[in-house]
Amino acid sequence: MSKGILYDATLCIDCKQCERACAERNGLPYSEAIAAEQKQSAHKLTVVLENGDKYMRRLCMNCQDPTCASVCPVGAFRKTAEGPVTYDASRCIGCRYCMLACPFSVPKYEWEKALPLVRKCDMCADRLAKGQPTACAEACPTGATKFGDREALIAEAQERIAKNPDQYVQHIYGLEEVGGTSVLLLSSVPFEQFGYKASVGTQALPALTYRVLSELPQVVTFGAALLGGIWWITSRRTAVAAAEAKSGD
Amino acid sequence: MRNFRLTFWKAVLGLVLIAGAAATVLRFVEGLGASTHLSDSFPWGLWIGFDVMCGVMLAAGGFTLTATVYIFNLESFRPIVRPTVLTAFLGYVLVVVALLFDLGRGYRIWHPLVMWNPRSVMFEVAWCVTLYTTVLSLEFAPIIFERLRLEKLIRIQHAIVIPLVIAGVMLSTLHQSSLGSLYLIVPEKLHPFWYTPLLPLLFFSSAICVGLAMTIFESSMSARHFGKHLEMSLLRKLGRALLVGLIVYSVLRIQDLFDRGALRLLAHGGYETGLFLLEITIGLALPIVLLLIPRVRESSGGLYLASVLVVLGFVTNRMNVAITGMEASTGVHYFPKWTEWAVTASIIGAGFAIFALAVKYLPIFASQSDHSAAVEVPAEEVLELTHAGS
């Protein structure tokens, strides 16, 4: 059963315990200065954004059909059966195509290091493997970040919207975006206010490039046969012309 | 070094290489953050946009011309195969050098060869560029063999040249188009002037145009600076082929822009519109008009001008895809740091310098040695081989 995270912004009190727990689990520093930073970075894999008295978390959405896993030339990213999209640092060559391609611009880079790596939330894949919830969900005092089976979380999110329709935007962000994501979001204000674009669409992006890539074997076989044929005809013609010229002497 | 003379261009090259060396130190000691204006919002800059995307495009003459001579047997073009293959080979080597600067961990550049992800366009590009650079080195090898008088190796190379050329053309078709496919994955990030499902086709067809233009350009340059004989009849033919290529590309491009309704965005004006119009004007409109005028098309100066415009126009196109078109969605304005310019300029400078050295010391141009006799098999032998095969 695939796991997921349900973040309900209406329950969030901006205590940033999720940020702290995330930093701890990933071996990253955490301080007041870092807590004040309002953007994701290589040292801040999740952030609670503030907009007046409204809050919204940003973290890796851990897509069902992840773009990063599709574009990575060395297969460093993998979608696991439990839900997390993991990153194998030992493979990474640092081309940063994942950063360019991610529809949520989640992967971040260690720009200041001489030998940098990509950093992103991996939904605590190691903890999940041990049957534990993600560090952020465990640390959350209000239940704004909830960990569970994705299907069950979807049902719960639908129920919450149905019970309090005026309290929520009528949309579960991540249910269908780019083919669905393991992280699901609920909000009382439009998601766009926090940079979650509606324009990402519901189609999983990897199909856009795979459609072309899957044609290539045909292109190669047909193209090589065609070129070989043209060569055969043209060189034969040259050879015959040369022989005729010679016999004509 | 007895005959060394410091000319203006040598002085410029020297200064560029000094700046490049300083930038190289900064890049590898302090990392990408200190040596570039790249950021989490803008992860690909000048080194990918110009050095890789344009570098590969500018080297496209290699596959275009080898196909013309070896596959289509248009023998008259043979005298310019060598300089073109040399340019292509140099181009790809320099692209790899640029990648070593841009990759966060360049020492792992070989990883895609053993850690596969066939769903990735980048994986496919990595394989094609590796294989094609190998093919180019083998296409280039006879020039070295001749210099060293290795007759046997020349004959072996000659025996495999046709499969080699076919492999080179197919590999080029794949990765020239795939550089466009890289951007198919960012429909929401790339500006509609440049995002289209036709990206792979447009990149491929423009690579052919640029390949032709570069061949004209470097033949003209070689004539001016190395005193090589200019094969005007060939350049005229290339000029006509370039004209046809540009018209085909324009039809594809304009029709696609029209179908997607992107031309309406011209009314909005602004930064993207300006650079889009620049690209269309210098890369398509001006050279097409120039080449349509017979007097221009037949003159060496006119062909030179048209080819330079095409090269600059499509360099602008690649930069627009990689940089201009990505800025609005990322919300940042990217302008390369001095270090990025210095590395790029050094790579270009090194390219020119190595080309000049190669022309000086290797039998690149026909006038230097009777190279065609050395590798060409007499016609009757070919006929016999063909008979034996049938």
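## A briefing on chains A and B

In strand β3(A), R58(A) is the residue that V47(A) faces. That pairing is a handy way into this model, which is predicted.

**The β2–β3 hairpin of chain A**

- Strand β2, residues 47–51 of chain A, runs antiparallel to β3, residues 54–58 of chain A, and five bridges join the two.
- Two residues sit between the strands of this hairpin, and G52(A) takes a positive phi near 65° there.

**Helix α1 of chain A**

- Helix α1(A) covers residues 17–25, and its buried residues are C18(A), E19(A), A21(A), C22(A) and A23(A).
- What do the buried residues of α1(A) pack against? Their partners are strands β2, β3 and β8 together with helices α2 (32–36) and α6 (135–139), all of chain A.

**The three-stranded sheet of chain A**

- Chain A also has an open sheet of three strands, in the order β8-β1-β9, and its pairing is mixed.
- Strands β8 (145–149) and β9 (183–186) of chain A form the edges, each pairing on one side only.
- On average, and with direction ignored, neighbouring strands of this sheet are turned by 25° against each other.
- Four bridges link β1(A), residues 3–8, to β9(A), and this pair is parallel.
- In that pairing, D8(A) has L186(A) of β9(A) as its bridge partner.

- S105(A) is not a glycine, yet its phi is positive, at about 50°. You will find S105(A) in the loop between α4 (97–101) and β6 (108–109) of chain A.
- Is S105(A) buried or partly exposed? S105(A) counts as partly exposed because 19 other C-beta atoms lie within 10 Å, while a buried residue needs 20 or more.
- V178(A) is not a glycine either, and has a positive phi of about 35°. Its place is the loop between α7 (150–163) and β9 of chain A.
- V178(A) has 23 other C-beta atoms within 10 Å, so V178(A) is buried.

**Where chain A meets chain B**

- How many residues of each chain take part in the contact? There are 54 residues of chain A in contact with 46 residues of chain B.
- On the chain A side, α3 (67–71), α4, β6, α8 (206–213) and α9 (216–247) each supply at least two residues.
- The most comes from α9(A), which gives 17 residues to this side.
- By type, the chain A side divides into 34 nonpolar, twelve polar and eight charged residues.
- Within α8(A), the residues P206(A), L208(A), T209(A), V212(A) and L213(A) are buried. They lie on the same side of α8(A) because they cover an arc of only 165° around the axis.

**The largest nonpolar core**

- In soluble globular proteins, nonpolar side chains tend to be buried together.
- Here the largest nonpolar core has 169 residues, and those with the most contacts inside it are C98(A), C209(B), V210(B), A213(B) and V310(B).
- Beyond its neighbours within four places in sequence, C98(A) is in contact with C68(A), V71(A), C72(A), F77(A), P107(A) and V118(A).

- Y183(B) is found in the loop between α9 and α10 of chain B. Its 26 other C-beta atoms within 10 Å are why Y183(B) counts as buried.
- In sequence, Y183(B) and R318(B) are 135 residues apart, while in space they are 11 Å apart, C-alpha to C-alpha.
- With neighbours within four places in sequence left aside, the contacts of Y183(B) are L190(B), Y195(B), L199(B) and V321(B).
- F204(B) belongs to helix α10 of chain B. With 22 other C-beta atoms within 10 Å, F204(B) is buried.
- Which residues does F204(B) contact, leaving aside its neighbours within four places in sequence? They are T173(B), Q176(B) and S177(B).
- F204(B) and A60(B) are 9.4 Å apart in space, C-alpha to C-alpha, and 144 residues apart in sequence.

How values were computed. Residues are numbered from 1 along each chain as its sequence is written. Chains are lettered from A and ligands numbered from 1 in the order in which they are written. This is a predicted model: local features need pLDDT of at least 70, side-chain atom pairs count only at pLDDT 80 or more; totals for chains, interfaces and linings use all residues. A nonpolar core is a set of buried Ala, Val, Leu, Ile, Met, Phe, Trp, Tyr and Cys residues joined through C-beta atoms within 7 Å. A residue is buried if 20 or more other C-beta atoms lie within 10 Å of its own, exposed if 12 or fewer, and partly exposed in between; C-beta atoms are placed from the backbone. Two residues are in contact if their C-beta atoms, placed from the backbone, lie within 7 Å. Two strands pair if DSSP finds at least two bridges between them. Axes are lines fitted to C-alpha atoms, for helices over the stretch in contact, and angles run from 0 to 180 degrees between N-to-C directions. Ala, Val, Leu, Ile, Met, Phe, Trp, Tyr, Cys and Pro count as nonpolar, Asp, Glu, Lys and Arg as charged, and the others, Gly among them, as polar. The arc is that of the directions from the helix axis to the C-beta atoms.
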